[in-house]
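Please look through the sequence and the structure below before reading the report that follows.

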Amino acid sequence: MHLTQLNRECLLHLFSFLDKDNRRSLSLTCHQLREVFLDPRLWNLLHFSSPCQLRRDNFVLGPSLRHLTICWYSSRVLQVCNIEDWLKTSFQKDICSKHESLVSNFLAQVCLMCPNLLSLTLSGCGHITDQDVISVLLRCRKLRCLHLENCVRITDCSLRGVAAHGDSLEEVKVDFCRNITQAGLRGCAAMRPTIWLSAERSADMIPDSKPEEEPLRRTLQKVLLFS
């Protein structure tokens, strides 16, 4: 039997065993397999290991998406993206400019196209902001699990967004987010006692502050930490 003689359900099942690149390669062989590739039911889970993968044409966003993970485990995150803007060199700023809006723009598409999202994990996404997180909470009202790790621009504002808009949230983790405070965690827990809230190291790290607002000693601490 030729592959294209299988029915749609069988083809969807076979495609589910392939990674994104192989799915796309197979879909380019004929019109029928391209239609299977574009079927939203195939794309209920997406995992990206770097922001550059968001540029590729090897996945489909749609209402079937339930679980989304974007993780960037790279030395660039620590050495460039996680540094405050006022401490970055021109070279570091140039590196960031090439990708700093990638995840935010992608999340904007998710807000428009994936209303049934259940879980979102963002790790090492050093350029996402509180507004990105709040937009997801506002548009993806079924979201149950939110995990933010090593996202340096995330502040207590995201926790206030969780408290205000996280009607369906059951679990929230903010790990190694240095601009999260104990006060923010306590406030969120008080307003949403039913949410399982955890924060590994977040409120114990040195928060960002503008140079004129912090003593020289703390500035040097941050420079040494990321050098």
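## Parallel strands and the helices between them

Strand β2 (residues 67-71) pairs with strand β3 in the parallel sense over five bridges, where two strands pair if DSSP finds at least two bridges between them, and where helices (H or I, at least four residues) and strands (E, at least two) are DSSP runs numbered from the N terminus. This is a predicted model, in which local features need pLDDT of at least 70 and side-chain atom pairs count only at pLDDT 80 or more, while totals for chains, interfaces and linings use all residues. Residues are numbered from 1 along each chain as its sequence is written, and side-chain values use heavy atoms, with hydrogens and water left out.

On its other pairing, β3 runs parallel to strand β4 (residues 145-149), and five bridges join them. β4 in turn pairs with strand β5 (residues 171-175), again in the parallel sense over five bridges.

| Residue | Stands opposite |
|---|---|
| Ile-70 | Leu-122 in β3 |
| Leu-122 | Leu-148 in β4 |
| Ser-123 | Glu-149 in β4 |
| Leu-148 | Val-174 in β5 |

How covered is strand β3 (residues 119-123)? Five of its five residues are buried, a word that means under 20% relative accessible area, with exposed meaning over 50% and partly exposed in between (1.4 Å probe, protein chains only). Ser-119, Thr-121 and Ser-123 lie on one side and Leu-120 and Leu-122 on the other, so that both faces of β3 are covered.

From β3 the chain crosses through helix α7 (residues 130-139) to β4, and this β-α-β crossover is right-handed, which means that, with the strands pointing away from the viewer, the path from the first strand over the helix to the second runs clockwise. A right-handed β-α-β unit is also made by β4, α8 and β5.

Helices α7 and α8 (residues 156-165) pack at an angle of about 10°, with their axes 9 Å apart; axes are lines fitted to C-alpha atoms, for helices over the stretch in contact, and angles run from 0 to 180 degrees between N-to-C directions. That angle makes α7 roughly parallel to α8, because angles under 35 degrees count as roughly parallel, over 145 as roughly antiparallel, 65 to 115 as roughly perpendicular and the rest as oblique. In this contact (heavy atoms within 4.5 Å), Asp-130, Val-133, Ile-134, Leu-137 and Leu-138 in α7 meet Cys-157, Ser-158, Gly-161, Val-162 and His-165 in α8.
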